[in-house]
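The sequence and structure come next.

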Amino acid sequence: MSLSSRHLLGLNGVPKEDIQLILDTATTFREVLERPIKKVPTLQGKTIVNLFYEDSTRTRISFELAQKRLSADTINFSTSTSSVKKGETFKDTVRNIEAMKVDMIVVRHKSAGVPQYLTRISKANIINAGDGLHEHPTQGLLDMYSIKERLGKLEGLKVCIVGDIAHSRVALSNIFGLKSMGAIVSVCGPATMIPLGIESLGVKIFTNIDEAIAKNDVLNVLRIQLERNAGTRIPSLREYHKYFGITSDRIEKFNKEIVILHPGPINRGVELSSEVADGPYQVILDQVTNGVAVRMAVLYLLGTMH
Ligand code: CP
């Protein structure tokens, strides 16, 4: 069994069989992560560069750890300590890195389409670790893995993505991936944060968070992305929390089981109350643990393709 593409640029158009293969492979690696020695020799001799042009905590550490667990040689690049500071172009930087014979590039960039561009200027396998407002496929995959781990399936589940949909690459990767796996996907947020025409992706829109809680099995709650000027689309963070924030009172009103995801980093007291962020409904740190296994699966499947 192998994937149908040698790159992972997004989940849009990725066949269900590929997603299933990644999730199944991740289950094997999830078991490796529970062993006293959490390392396998699978990618020994492969060299992987983590090319991060934008800040990250979870994704960068998770990829690096996944690479080390697979015994690959890992190089971390960050703009603040590189010759990008001296004006070197993106293309020159990549060509120089490639001249050192790397096999795979994991890239995060503020501009949508950079991973796609890399496939044209590099022979390495390219993995998108988040490109602008476009996609964050490994986040979508680890979210699906975490939902399946908690509820046993994806098919037929009702999943609502809550918050700043317009500024979220996580939302798009979730929509494409979950729909491909047969989930019923909706979005909820203030009208100013819901992109026009999103229904064309086959998602329903909720404008009332209580209705979204009542009618869904899972809420994937997104961060209000203040660094992308999201604050200009709502009157205040306090008002956002009042109308869309997930609180224990709000959940308990419905007396039902619901699973809460959040990709992190959390704005506590804005999209989630601290009580919910640390409470029994959330799987936020499970998502982080599962992220390592899912990224191991993606690296393994791409790195061993012929
Ligand atoms: N979820 C996520 O992408 O987090 P980071 O920005 O910390 O990588």
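**Domain interface**

The domain assignment, automatic or from a database, divides the protein into domain 1 (16–134 + 291–303) and domain 2 (137–287). The model is predicted: local features need pLDDT of at least 70 and side-chain atom pairs pLDDT 80 or more, while totals for chains, interfaces and linings use all residues. Residues are numbered from 1 along each chain as its sequence is written, and side-chain values use heavy atoms, leaving out hydrogens and water.

Extent
- The centres of domain 1 and domain 2, taken over C-alpha atoms, lie 26 Å apart.
- Contact (heavy atoms within 4.5 Å) joins 24 residues of domain 1 to 24 residues of domain 2.
- The two domains bury about 1,900 Å² between them, 59% of it on carbon and sulfur atoms; buried area is the accessible area (1.4 Å probe) lost on putting two parts together, summed over both.

Salt bridges
- Two salt bridges (side-chain nitrogen of Lys or Arg within 4 Å of a carboxyl oxygen of Asp or Glu) are counted between domain 1 and domain 2.
- Lysine 16 forms a salt bridge with glutamate 155, with 3.7 Å between the closest N and O atoms.

The domain 1 side
- Helices (DSSP H or I, at least four residues) and strands (E, at least two) are numbered from the N terminus.
- Two or more residues each on the side touching domain 2 come from helix 1 (16–32), helix 2 (58–69), strand 3 (104–109), strand 4 (125–131) and helix 11 (284–303).
- Helix 1 gives the largest share of that side, eight residues.
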